[in-house]
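Subject: A structure for you to explore

Hello,

Here is the structure I promised to pass on to you. Please open it beside this email and follow along as you read.

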Amino acid sequence: MIAKILDNVRIAYVGLVSNKLRTALTMLGITIGIAAVVILVSIGQAVETFVKDQFSSVGSNLIVVFGNIPGANDSGQPLTASDVTALSDSFRVPDVRAIAPNVAVSASAVYEGKEVDAQIAGVTQTYFEVLNTDVLLGRTITSEDQDVASRIALIDERGAERLFNNDYPIGKRIRIGGATFQVEGVLENFSGPGGGQAVPQIFVPLTAAQRYLGGTQTLTGEYMISSIFMEALSEDHTDAAVDEITSVLRERHKLKTDDKDDFQIITQSAVLDSLSTITGLLTVFLAVIAGISLLVGGIGIMNIMLVTVTERTKEIGLRKAVGAQRIDILLQFLVESVSLALLGGIIGTAIAASVAFLVTSLVPDLQVVIQLSSIILVTLICVMIGTFFGAYPANRAAGLNPIDALRYE
């Protein structure tokens, strides 16, 4: 049996080489389809890996609480400093390791007449620990800065470059809103909970933001908090921490059993799962679209094989006349069809590998790699396409009457 297959491979090779242009045009559909499917799947996997790495840099045990969702509840309350105090109680929320309130400020930063749009936030000293952000230059915000509402600022690399160009930023004074702050530290380009940010990030002490940058107060005089970042003991403790946070806030906001939460809790792991699902579905969708060209390529193979059967009718009759069985003829044309598909697949994979190398070279953060699983999948697809679309022509060749075939002109 193996000897027959090898002999049919040799015959297929001779047939393909004898009609090089026709062979190349026939394989074109398969080549394009395989290249498109492999590169799209590989890029999709690279994007998913990149997203996971971005989230992992912040921590999969991160929890973010947003307050007072509009329309969620008529008696909705914003998050306040007293909510932060309650959530900081380790007896009531034992599954949380650290807590970092945040106040978002709408303002731009100005240095020597140069104005830069930035995301400005008032934070505590625990903020950068919770979000795993390193200080590259200078120092971070301390508890003493919080106590006296120091007018200091920390700025990320992107912001330092736009405001100061290549000048040393530490000690320089910038204007935020109506107050002057002194730059005391430079952070690595900030990656918040959800990935990298496109605009510069500037951080000031929470108390300074509330005092100098127009912190909003409730009717009772408490300062409002935009959001609260919390770090669970571990990823396994995240669900328990969410339940504890929900219980404390519902109690503090005096919500009844049938009332909806007037706050929103988002976990990093939930966002990551959602994004992974989205990128996975998008990859499959794009691969299916690219796979249409495989269908076109398969039809091309069937068309050429039908032409080949017609051209070689006398040869088929002669082989049958000297004793070739139906299975021999069937196998001969099936091997030729599968060989066409496999050769197109090999070329398509080579093209995909070249594109992957080019994409990785141009975008170093995106490591596009052709996985072994993709190569195995491509091989199986090519075999199935060759077999499926070659089955009818092969069966037609095997069913020819040897006498009629010998008389064919």
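This is a predicted model: local features need pLDDT of at least 70, side-chain atom pairs count only at pLDDT 80 or more; totals for chains, interfaces and linings use all residues.

Let's begin with helix 9, which covers residues 268-311, and helix 11, which covers residues 326-362. Two packed helices are described by the angle between their axes and the distance between the axes. Here the angle is about 145° and the axes are 11 Å apart. The crossing of helix 9 with helix 11 is right-handed. On the helix 9 side, the contact is made by Ile301, Met305, Thr308 and Val309, and helix 11 brings Phe333, Glu336, Ser337, Leu340 and Ala341. Sorted by class, these are 6 nonpolar, 2 polar and 1 charged residues.

Now find Thr308 in helix 9. Is Thr308 buried or exposed? Its relative accessible area is 3%, and buried means under 20%, so Thr308 counts as buried. Leaving out residues up to four places away in sequence, Thr308 touches Arg22, Phe333 and Glu336.

The largest nonpolar core has 33 residues. Which of them touch the most other members? They are Ile34, Ile301, Ile329, Phe333, Val368 and Ile385. Helix 2 (20-58), helix 9, helix 11 and helix 12 (372-398) are the elements that give two or more residues to this core. Another core, of 23 residues, lies apart from the largest one and includes Phe181, Val204, Ala208 and Leu213.

**A strand with two faces**

Finally, look at strand 9, residues 173-176.

- With strand 4 (residues 108-111), the pairing is antiparallel over 2 bridges, and Val110 stands opposite Arg175.
- With strand 10 (residues 179-187), the pairing is antiparallel over 4 bridges, and Arg173 stands opposite Gln182.

Strand 9 and strand 10 also form a hairpin, with 2 residues between them. In that turn, Gly177 has a positive phi of about 60°.

Enjoy looking around!

Best wishes

Note on methods:
Residues are numbered from 1 along each chain as its sequence is written. Side-chain values use heavy atoms; hydrogens and water are left out. Buried means under 20% relative accessible area, exposed over 50%, partly exposed in between (1.4 Å probe, protein chains only). Two strands pair if DSSP finds at least two bridges between them. Contact means heavy atoms within 4.5 Å. Axes are lines fitted to C-alpha atoms, for helices over the stretch in contact, and angles run from 0 to 180 degrees between N-to-C directions. A crossing is left-handed if the near helix is turned anticlockwise from the far one by less than a right angle, and right-handed if clockwise. Ala, Val, Leu, Ile, Met, Phe, Trp, Tyr, Cys and Pro count as nonpolar, Asp, Glu, Lys and Arg as charged, and the others, Gly among them, as polar. A nonpolar core is a set of buried Ala, Val, Leu, Ile, Met, Phe, Trp, Tyr and Cys residues joined through side-chain atoms within 4.5 Å.
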